[in-house]
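This report is written for a reader meeting the structure for the first time.

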Amino acid sequence: MAELQFREAIRDAMDEEMARDEKVFLMGEEVAEYNGAYKVSEGLLDKYGFKRVIDTPISELGFAGIGVGAAMNGLRPIVEFMTFNFAVLAADQIINHASKARYMLGGQLNTPIVFRGPNASAGQLGATHSVAYDSMYAQFPGLSVIYPSEPDDAKGLLKSAIRNDDAVLFMESEQMYGMKGEVSDEEDYIIPIGKGKIKREGDDVTVVATGKMYHIAKQAANQLAKDGVEVEIIDPRTIKPLDIELIVESIKKTNRCVIVDESHPFGGLASEVGFLIQREAFDYLDAPVRRVTLPDVNAPFSKPLFDLWLPDAKQVIDAVNTVTYRN
Amino acid sequence: MAIKIEMPKLSDTMEEGVIAKWNISEGDKVESGDVIAEVETDKATMEVEAFDPGTVLKILVDEGDAVPLGGIMAIVGEEGEDISDLLKEAESANGSGSASDDKEDDKSEKKEKKSSDKKEFDPILEDVDSKEDKKEKSGQADDDGRIKASPLARKMAEEKGIKLSDVDGSGPDGRIIKRDIESYEPSAAKEESVVQAPDFASEEDEEIKISQMRKAIARRLSESKFNNPHFYETIDIDMEKAIEARSALNEISDVKISFNDIVVKASAMALRKHPEINSSWLGDTIRKHGDVNVAVAVAIDEGLMTPVLNHTDKKTLQQISSETRELAGLARDRKLQPEQMEGSTFTISNLGMFGIEEFTAIINPPNACILAVGAIRDVPVVKDGQVVPGKRMKVTLSSDHRIVDGAKAAQFLNTLRTMMENPLAMML
């Protein structure tokens, strides 16, 4: 095991895949000469040269389209967005082309492309730079959505994403790039897409959380443990396809569930998990499922409002206390 | 300066007072200490005194009207004084529509709007702010009678053979949850473990669907027994002369006169003399019925019916006899028309034919009383210092104490006894 920063784990995944397969290349704003806006691609230009590490103009739709075209023609592009908030401009390429080309052409070609970059809010960046897109992209058939919470997951899953023959959205967080964690040094470390992980075992309540929200859930779980409430944290890691079996197995043991989701409440990961639980684990529920999400309000800029807006450990603790009838 | 006279707090619990009587009228001079009005509170009628001397400039409330605590009843001041400001204030304080009143409404409306705005915000934070959510939920507890249990608790109860209705739920709105099933200990089962189990095979229970008649009996009689404060008085009647009279009558009558017919007739005539027994409680008033309509309880297979003999006191024994027979027959055949069961003012229930010595009956609403008639018994009685064989019958009157007091019921029973013991008195 090696302790790596999140950004290092992502870089290593890209490095290993680029070394393994010369069809893999990286492009995006500032990925080459500047070594990435968040230093994720540090050293890759030196190692692979301008042909495979390509700086693009500030033109998300353009370079996303080049990526999709390259994928259709047999390459394996990694397209980095400086943030998924800017990828809205490339939505036509992602939603209409990357996700649908194989389907509409009857399987004549594949779109093995990874779109990656930071997702959701990262402090006071205002309403247009603070949106969580994972649930939205998970709506579309033909797209896989990954939102890892720890460096180890990031490495294993990004390698799987690069090898995937269909389009994958790989979501990161500005606030997590510097986060350190043990990363397996197993050679060719692969985590299959669609497999969740029990990150903490407990008997009293299942908390489902991924990405940045996993760390909120973890804080809450540590606090609750002091009160004798043992939280089982399930990190699905992949939003879509979702590892609902793992969640249901956990609920069969704990009988209660709280979902922590960085999206707005309507039709997000939390609603989907809530629906699936009532269908798959109805007879095992001892309390209505609860969720902690953003409110149905755009991100505020003001610091006090922003702090209220973003889910925090206290809200998770409240929800856990409600489903365990401790409130 | 003009002074308002406000509704004083005359009892700890009063919220408003009704002006029973004004002792003043506009233009009168009052001195401090004068009793200006009598006010009915929730407890008693109290006198209201004037504190300040002056001339009554305005009386704002009519006799019989209610005024909230602190509401303005009258204005006292110097003759000719301008009291328009006080009048305005009075109008708003006493809650009749005026300009200032509207403003007040406006304000409260705004307030309401504010709070509802907040509510609209809550659903957004629905899962975020669990406390708010919880508050709302406990506010809307519904009472549809359904047992609330979590799906898990339901399944566990089923597996363990526990009836959910026996379990107390500890979740919100009494929801039965996992821990309630886990901690459930049947109290009956506990006792059984102490007592040796009997070695009898248990026979199957039978659940019978409740008929409409059963439902009606259950509803009406529960309502009566639980709502009407019943009290009971029993009197023993010497039946010797009634027995003689009955034999004599039956020798000449086409229709057979029963003892019950005689009790019905005597009761009807006694009711005419004691109208308070022939009454109904109507909530705000008591109705003394003009007619005497005695209902007779008839036992049928499915339950009980009470056909009514209208104008009972005006009917002859023969009429009573034949009509009772006819109505009882219709009742047994379930052919009684609704109007034949309506309008009773008193009810008689007779279990004498079953040898019942005495019993108490539940009042048949909206009657004030019901008479329960026992069997005629051969008993030793003391007559002129000698123990001799006698014939006695006990009747028990159940009365609704809201309408009838003990002495009134006793007087009625005495009149009834006099008539039964001297059947000739019925001819008067």
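H9 covers residues 259–273 of chain B and H10 residues 317–332 of chain B, and the two pack at an angle of about 120 degrees with their axes 9 Å apart. The model is predicted, so local features need pLDDT of at least 70 and side-chain atom pairs count only at pLDDT 80 or more, while totals for chains, interfaces and linings use all residues. Residues are numbered from 1 along each chain as its sequence is written, and chains are lettered from A and ligands numbered from 1 in the order in which they are written.

The contact between them (C-beta atoms, placed from the backbone, within 7 Å) involves B:Asp261, B:Ile262, B:Val264 and B:Lys265 on H9(B), and B:Leu317, B:Ile320, B:Ser321 and B:Thr324 on H10(B). By class, this contact of H9(B) with H10(B) has 4 nonpolar, 2 polar and 2 charged residues.

## A roughly parallel pair in chain A

In chain A, helix H3 (residues 60–72) packs with helix H4 (residues 91–98) at an angle of about 25 degrees, and their axes are 8 Å apart. That angle makes H3(A) roughly parallel to H4(A).

From H3(A), the residues A:Leu61, A:Ala64, A:Gly65 and A:Val68 meet A:Asp92, A:Gln93, A:Ile94, A:His97 and A:Ala98 of H4(A). Sorted by class, the residues of the contact of H3(A) with H4(A) are 5 nonpolar, 3 polar and 1 charged.

## Nonpolar cores

A nonpolar core is a set of buried Ala, Val, Leu, Ile, Met, Phe, Trp, Tyr and Cys residues joined through C-beta atoms within 7 Å, where buried means that 20 or more other C-beta atoms lie within 10 Å of the residue's own. The largest nonpolar core has 106 residues, of which A:Val207, A:Ala217, A:Val258, A:Val260, A:Val316 and A:Val320 touch the most other members. Its largest share, 7 residues, comes from helix H8 (residues 211–226) of chain A.

Another core, of 48 residues, lies apart from it and includes B:Ala242, B:Ala266, B:Ile348 and B:Leu397.

## Chain B as a whole

Chain B contains 11 helices and 18 strands, and 28% of its 428 residues count as buried.

Note on methods:
Axes fitted to C-alpha atoms, helices over the stretch in contact; angles between N-to-C directions. Helix = DSSP H or I, 4+ residues; strand = E, 2+ residues; numbered from the N terminus. Contact = placed C-beta atoms within 7 Å. Nonpolar A, V, L, I, M, F, W, Y, C, P; charged D, E, K, R; others polar. Buried ≥ 20, exposed ≤ 12 C-beta atoms within 10 Å, placed from the backbone. Parallel < 35°, antiparallel > 145°, perpendicular 65-115°, else oblique.
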